[in-house]
Structure formats: C-alpha cells, structure tokens
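Let's take a friendly walk through this protein chain, from one residue near its end to the fold as a whole. Have a look at the model first.

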Amino acid sequence: MRSPRPGLIAGLLLAPLLSGCFSSSGDDSSDSSGSGSGGRLSVALAFPPAENYSPYGQDAFVLSRLGVAEGLTRLDANGTAVPALAESWSSEPGGKSWVFTLRDAKFQDGTDVTAKAVAAALTHAAAAAPAPTVLSGVALTAQAVGDDRVEVATATADPVLPLRLTNPSLAVFSPKAYGENGKVNPVRTATGPFELTKTTGDTAATLDRFDDYWGGRAQASGIDAKFVSDGTARANALRTGNVDIAEAVPVAQVASLKKDTVHEINTARNTSLYLNTQAGVFKDAGLRAAAREAIDTSTVAKGVFEGYAEPAQGLYGPALTWAAGKRTEPTGRAKATSPRGRSITIATYDDRPELPETAQVLQQQLKKAGFTVKLEVRTYARLESDLLAKKFDAAVVSRNMMLDTGDPVTVLAGDYTCDGSYNLSFLCDKDVDRLVTVAGAESDPGRRQDAAMKAEAAILGTDAVIPLVHLKVVAGIGTSVKGAVLDPYERGFVGTGTRR
C-alpha cells in the first residue's frame, strides 16, 4: 500500500454551500461493504448522450451519475472537495500548483492508476476543443511526480483547484481510452464502481459491477440504463415497474405516482431565459430590458412548476443559504424600449417537459408586450449545437449553478464571460469580466461569495439573462430500491450502496 507523504493536507474546504445534503431513498445507503448480492438495476435517464459519451461535454455527467467515471476529488454535500482517486493534496508556495497523492486503485481494464496515467488524462482534458466548461479561462497542466504523486498547475493561482477537479469532465481514464482526434472511449476504461460495457447509440447502455473498485464492490450487480427524453414515458416506466429509478419526473406526473416513490430535493438549479446579446433583436439592451419587464416569474413558478419551484431572486437560489444576505441590486440597466412587433425565436428542449410549457408562458407574456414570438422545441441533443452557434434570439434553459465545481465563481466564468465556453447569452462585457476575475482570485470563502454576488449584480444589469425560477428536482424511486443517491449537485444517481 502507498502511504501519504508527510505534510500533505486535506484539500481546500469551503463553507457549506447548500442547505440540503446528499440523501438516499432508503437505509444503508452508505454501506459499501460490497456483499454484491443485489440484482441489476434498471434506470431511466432524461438526457441521452449527445457526444458519444465524450467526457468533455454534458455527457460527462451521464458517466458520473451512472457511477462510471471519477476524478482526483469529489464534492461532498457541503460543497467541499474530498478525496476520490487522490488521498490527499496540498498547495505549493504561490498557489499556482498543487500536489495530489494517489490512492491504490485500478482502471476497469485491469491496469494500475498511476501518476503518469493521471497526468496524461488531465493533459488530454486541458487540450480538448472545445474546452470543458470547468476549464474556461484556465490554463491547466499536469505532470507525474514519482509513481504516486501528480502535480497540477495553473497559469495563475487557482484557490479552488481541488473543487475544479471534482468536475466529471476532468475524470481519469486509462491510457487505452484516448484515441485519435482527442476522442475518449469510456468503455471499460474508467475507475468507478460500474463499468460501461455496451452502448446502444443514444438509447441505452449496459453497465456491470467493477469488482476491483477501490471503494468496495457495489451491491448491485449492474445497471441497465435507458435514455428516455419524454418525461411522461419515464414516469410511466416507473409506475409500471419497467424501471427501478426514473430521473427528473415531470411535476405534472407526480400526482399519478405512489407517494412513497416520489423523492424531491432542493438544488441550485435555475430555469432562465438567456438572450442573445450578439445577434438579432436582443443586441439592443433596451429590447432586453423590455423582455425582462414583460415577464412575470410568479406565473411560471405557480402555473408550470406547481409548487416545485419559486420565483427567481437572482442566479443563486435559496438552496445556497449564504446568497440571500449578500445580494445587491443590479445597476446600469438600460431603459426599456418598445418592441414594435419585432420578431424573436425562443428555443428550448423537451427533455425537461416544464421547459416547453415555460416557453409557451413567456411567448404569451412577450406577445402582450409587443414582440412577435416563435418557439423552437427539440431534444437537447438536437438543440445544443445550434444553441451554441447563435442561431436563436433567446433560449429557455435549465442550469445547475453549482454543477461545474460547487464554487459560485467558476460557473460565472463559464457562462457569462467573453471566453466562457457555455455562454448561452454570448455576453462579452468588460465590467463583468473584471468582476469575475476579481472574484476568482479570492481564496477566503466569505470574500469569494461577496465578490460573486457583485459579479451577479453586474451580469443581471446587462439583462443578458433573466432568471425565472429556482427548482426542486423530483426523482422517482421504486419502493424496493435502497440507497439511491439524491444529489443536490446532480452528479450522482447510483452508488455502491444502491440496490434492490
């Protein structure tokens, strides 16, 4: 066994970010002793893989939710970076580099997890095009320091690097996973408790238990995953017993399910209207202001989400308990100008059934204000490329603000800065970039939160995004299932203790 190097310390600890915590559908969820006696689990996920299971986009979260892939660190319920493939870590003088000591672990192809393999995996992620959102504005390098230590460095000091490395896009795969043109094959090459053994396009995947998992054998022998975009179909599959667990049950279907199969959790997820600031009608700040003034968020919360959401107060919702006392009013907003019948197209996706309904409500409100409004509804897999190519005037999108790192600043860099890789509003504002940069340099948790709220006020002042509602997520879990993971960060869905 490797032993930790003296003087290495547990990683950066941030103050608790969420009012809730990880929970499970039943008892013994944390039991990973690994008797391995459980049968296979059948799960229905809402979002099919859009990029052939590439870990460098949203498919990374599919691999994370299914227990396939993991990185050096992971998030606990309080938003703290805790050990995963790394046992411990410490920051080097100056804060530009960190050294991570690895635990004894194996890849699913039977080879050892080594410092050289980990450094190569992180180097591949840093070179990916487009870059993973978690690396927006971050120049990251990695190198092996002996057999069991990895040095990870950034061009400028990154006080939240251990949190950044929790992102599923920075998961570690064996050397054989990496092919030509930056492609990554996750089949039997990751390190999690379940190994991906077969994929059927974007409709299904088969996973088997990985018996050599460092955290102990999973209790379920495997997982049969189905990707079902239609929310009603997911609820029906749970109701009829065709699946054991259904992700993201539509609020309209909750009443049709048995009460003891419905499990809800507060999250940091928002539904927002993103306005295209670089092309079309909403290049005009006055028309963005007109759209904001036309929208009644309480109608969306009550009429569409039926009590499973509340009107948005900003980018950071009530699940983030620190935000309310630090919020400042947006400044510098433009004066609203008359739409005069200007035509706009709002895009959204039906993988989350509430989103098309939300778009319809907004359509009526914006029409009343003087816009001519068309809707474009697809699955997310068919929408994403056009969404990022600036082909729509606006988009109704659901986004977990803590999904990327658990850090309130990192998501702002990815979503609202000039170089952000998931900037759906295509916002490029010097003041916003400056405030996000200032916030990103703060290492003290309280001051970092204060700086994030100043950046939030500047972003909202541009009217590039109109937060609509803060959400609860509803999962459907069969009564025979124990230990399903209810994760406020929406990275976990099944774990070593999930069984039936």
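Leaving aside its neighbours within four places in sequence, which residues is Phe-493 in contact with? The contacts of Phe-493 are Val-43, Leu-45, Arg-65, Ile-245, Ala-246, Glu-247, Ala-484 and Val-485, where contact means heavy atoms within 4.5 Å.

A word on the ground rules: this is a predicted model, in which local features need pLDDT of at least 70 and side-chain atom pairs count only at pLDDT 80 or more, while totals for chains, interfaces and linings use all residues. Residues are numbered from 1 along each chain as its sequence is written, and side-chain values use heavy atoms, with hydrogens and water left out.

Back to Phe-493, which sits in the segment after strand E19 (485-486). Phe-173 is 320 residues away from Phe-493 in sequence and 20 Å away in space, C-alpha to C-alpha.

Gln-363 belongs to helix H7 (residues 354-369). With neighbours up to four places away in sequence set aside, Gln-363 is in contact with Val-373, Lys-374 and Leu-375. Here is how the two residues compare in burial (buried means under 20% relative accessible area, exposed over 50%, partly exposed in between, with a 1.4 Å probe and protein chains only).

| Residue | Relative accessible area | Class |
|---|---|---|
| Gln-363 | 14% | buried |
| Phe-493 | 7% | buried |

Now for the interior. A nonpolar core is a set of buried Ala, Val, Leu, Ile, Met, Phe, Trp, Tyr and Cys residues joined through side-chain atoms within 4.5 Å. The largest one has 136 residues, and Leu-273, Tyr-316, Phe-371 and Leu-412 have the most contacts inside it. Not counting residues up to four places away in sequence, Leu-412 touches Leu-315, Tyr-316, Met-401, Thr-417, Val-436, Ala-452, Ala-455 and Ile-459. A second, separate core has twelve residues, among them Ala-44, Ala-235, Ala-237 and Val-254.

Stepping back, the protein chain has eleven helices and 19 strands, taken as DSSP runs (helices H or I, at least four residues; strands E, at least two) numbered from the N terminus. Its radius of gyration, taken over C-alpha atoms, is 22 Å, close to the 23 Å that the globule rule (2.2 Å times the number of residues to the power 0.38) gives for 500 residues, so the chain is as compact as a globular protein of that length. Of those 500 residues, 59% count as buried. Among contacts with a separation of 6 or more, 73% join residues 24 or more positions apart.
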